[in-house]
Amino acid sequence: MFRVVLVFSLLFSIFFSSSSAQTCAKYRFPKNQVFSSCNDLPYLNSFVHWNYEKSSGSLQIAYRQTRVAPSTWSAWAINPTGSGMVGAQALVAYQQSNGTMRVYTSQITGYKTNMGEGKLKFDVSNLEATHANSETIIYATLALPNDSSTTSINQVWQMGPVSNGNPGAHSFAAANTNAMGTLNLLSGQTATTTGGGSSRSRDKNIHGVLNVVSWGILMPIGVIIARYLRVFKSADPAWFYLHVTCQTSAYIIGVSGWATGLKLGNDSAGVQYTKHRTLGILLFILATLQVFALLLRPNKDHKYRFYWNIYHHSVGYSVILLSIINIFLGFEILMPEKKWKNAYIAIIVFLVLNAVWLEAYTWYVVLKRRRSQSAEKTLQGVNDRNGANGYGSRTPQYV
């Protein structure tokens, strides 16, 4: 069992390590633009892509922010004088009420800025923005100083509400206040002012691996074991111990993944995935009830065993269904490369197909067994009647 867990963990570790590559390096821009470098920023569902010519100081930039509502502004900035908001030279974009995009430059001179339009300390050309499928992209070409020291820049990125057609104050949640750091234009390395970017990315990977392996794979396998192996008398009581081992392992691993998800939520107060979080909490509650139900399981001949079975099966199948739904919500959040999502779909299809043919085969076994038992009872009844007529168990003789 633990070898199976190890194999699946390895598989999905590869998947989650590739998920950042899909959201960044393998992203296809609507106009087929190509950028040589990119980085998955640790906060606010943001990504920065760029081409940099050190000799001329030309920086071609594309800043992406996903899960952006139409009434939300997005901004990316370089701060040549510090690491924070004040002094930032910003590119700002948002969708106006008529559906068109407004994109402009703005110098951030204070914390109570209204992000008014203004010229930056460096030239900006090819400035444009798009908004489609809840994603805002800002394009621009910046003319940075072409001296040898311009290899790393201080970047700031942000989002906030649009009120009465103008940008309003952004949230002061941790995700917003931490959305700043350095970007090495040559190596592509980034660092946040809090140093939490790599840690958060690692926690996301761990959260995904643990939950896919536990809720998404081990739990369904445990249900298949219980439903179909128990039909075969030779598998009793081995099926029960396999079922308990599989589900207990899934529960322990799943709770670890659930706890990691709570930590991610607490560390990223500005990023809310309400459905995903709510389903995760509900799954933890239902799975915990299943554990306690196992401890309170009545004997087979107990009068309440029938009702316990109904409860146990109903909650178990609900957990499986909700787990798969929540995993696909997780796919939408992480946006992994499509082939990895397809790989999980293939696993689910494989389990479903096995469940279908096992369902048919076990029904065949059960019905055949019932017919055999019925025939034995009929024969026994005939023998009993013959015995009552004085023939005993002998075969009647006809003349």
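**Note on a glutamine, a sheet and a set of annotated histidines**

1. Glutamine 65 lies in strand S3 (residues 58-66). Strands (E, at least two residues) and helices (H or I, at least four) are DSSP runs, numbered from the N terminus. The model is predicted, so local features need pLDDT of at least 70 and side-chain atom pairs count only at pLDDT 80 or more, while totals for chains, interfaces and linings use all residues. Residues are numbered from 1 along each chain as its sequence is written, and side-chain values use heavy atoms, with hydrogens and water left out.

2. Is glutamine 65 buried or exposed? Glutamine 65 counts as buried because its relative accessibility is 0%; buried means under 20% relative accessible area, exposed over 50%, and partly exposed in between (1.4 Å probe, protein chains only). Residues up to four places away in sequence aside, its contacts (heavy atoms within 4.5 Å) include Leu44, Trp73, Glu135 and Met159.

3. The side chain of glutamine 65 makes polar contacts with the side chains of serine 46 at 3.2 Å and tyrosine 63 at 3.0 Å. A polar contact is a pair of N or O atoms within 3.5 Å; within protein, one must be able to donate a hydrogen and the other to accept it, and residues adjacent in sequence count only if both atoms are side-chain atoms.

4. S3 belongs to an open sheet of five strands, ordered S1-S2-S3-S8-S7 and paired antiparallel. Strands S1 (37-40) and S7 (124-132) are at the edges, each with a single partner strand, so one side of each has no neighbour in the sheet. Two strands pair if DSSP finds at least two bridges between them. S3 and strand S8 (residues 135-143) run antiparallel and are joined by nine bridges; isoleucine 61 stands opposite alanine 140 in S8.

5. UniProt, in an unreviewed entry, places the feature "binding site" at His207, His243, His276 and His312. UniProt positions are given in the numbering used here, feature names are shortened, and annotations may be inferred rather than shown by experiment.

6. Histidine 207 is in helix H3 (residues 197-229) and counts as buried at 17% relative accessibility. Leaving aside neighbours within four places in sequence, histidine 207 is in contact with Gly257, Thr260, Gly261, Leu264 and another annotated histidine, His276.

7. Histidine 243 is in helix H4 (residues 238-267) and is buried, with a relative accessible area of 13%. Its side chain reaches the backbone oxygen of glycine 222 at 2.8 Å. Not counting residues up to four places away in sequence, histidine 243 touches Gly222, Val223, Ile225, Ala226 and His312.
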